[in-house]
Amino acid sequence: THQDNSTVQANRLNVTVGGSFILGSNAVIQADGLGFDQTYGPGGSVQGPNWSACGAGHGGEGRISGTGIPGKAYDPIDAPEGLGSGGANGMGSGANGGGAIHLRIGGNATLNGTISADAGAPGTGGGGGSGGSIWIEVPGGAVGGFGNLAARGTVAGGTYAGGAGGRVALTGYATSSFTGA
């Protein structure tokens, strides 16, 4: 994991492994809710009149609520490194976005556990935050496993809007037998 961020991207998890890497089936690498605080970030959403709270954007645009302004999409598809953005405040606090995880594997990668950069939960009446980013580079190596890679945005309750999912990229590998999600 990495430390929480608030209004600027100051913290993210960057790990370089010189050889092969195995993430066991019960292992977890997690940066949930460690992105931008509510309303902040390149995909932060803006509250509209009458407390309408929109969702934050990242891998796509956030959902719209009332006359608020949803967050826009950002970050490259094949090399995502951005934090998730925060949802708009409405009658309650918007959700924080998800964190950022970047793994560089020098050999083969077996991914059987969970790697997540999901957004945090909004307060009652707040807009959803967007998922963060997961980028796993395996230059020339093989990728296998049945694990779960997730950068989900959060759903908001009532008439408030949810945040977009983040970005997940698995790049550079020579062969893949990865069957996870």
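Reader: Let's start with charge: how far apart are the mean positions of the positive and negative charges of the protein chain?

Author: You count Lys and Arg as positive and Asp and Glu as negative, leaving out His and the chain ends. Each charge is placed at NZ of Lys, CZ of Arg, CG of Asp or CD of Glu. Here the 6 positive and 9 negative charges have mean positions 5 Å apart. Bear in mind that this is a predicted model, where local features need pLDDT of at least 70, side-chain atom pairs count only at pLDDT 80 or more, and totals for chains, interfaces and linings use all residues. Residues are numbered from 1 along each chain as its sequence is written, and side-chain values use heavy atoms, without hydrogens and water.

Reader: And which secondary structure elements does the protein chain have?

Author: Helices (H or I, at least four residues) and strands (E, at least two) are DSSP runs, numbered from the N terminus. This chain comes out with zero helices and 11 strands.

Reader: What does the radius of gyration of the protein chain agree with?

Author: The radius is taken over C-alpha atoms, and the globule rule is 2.2 Å times the number of residues to the power 0.38. For 181 residues a compact globule would come near 16 Å, and the protein chain has 16 Å, so the two agree. The box around its C-alpha atoms, along the principal axes, is roughly 55 × 25 × 25 Å.

Reader: How much of the protein chain is buried?

Author: Buried means under 20% relative accessible area, exposed over 50%, partly exposed in between (1.4 Å probe, protein chains only). Of the 181 residues, 52% count as buried.

Reader: Is A100 buried or exposed?

Author: A100 counts as buried because its relative accessibility is 3%. This residue lies in strand 4, residues 100-105. Contact means heavy atoms within 4.5 Å; beyond its neighbours within four places in sequence, A100 is in contact with residues including H2, R12, E81 and S133.

Reader: Which residues have the most contacts inside the largest nonpolar core?

Author: In soluble globular proteins, nonpolar side chains tend to be buried together. A nonpolar core is a set of buried Ala, Val, Leu, Ile, Met, Phe, Trp, Tyr and Cys residues joined through side-chain atoms within 4.5 Å. The largest one here has 21 residues, with F21, I29, L103, I105, L111, I115 and I136 having the most contacts inside it. Strand 4 gives the most to this core, three residues. Not counting residues up to four places away in sequence, L103 touches V15, F21, I29, I115, W135, I136 and E137.
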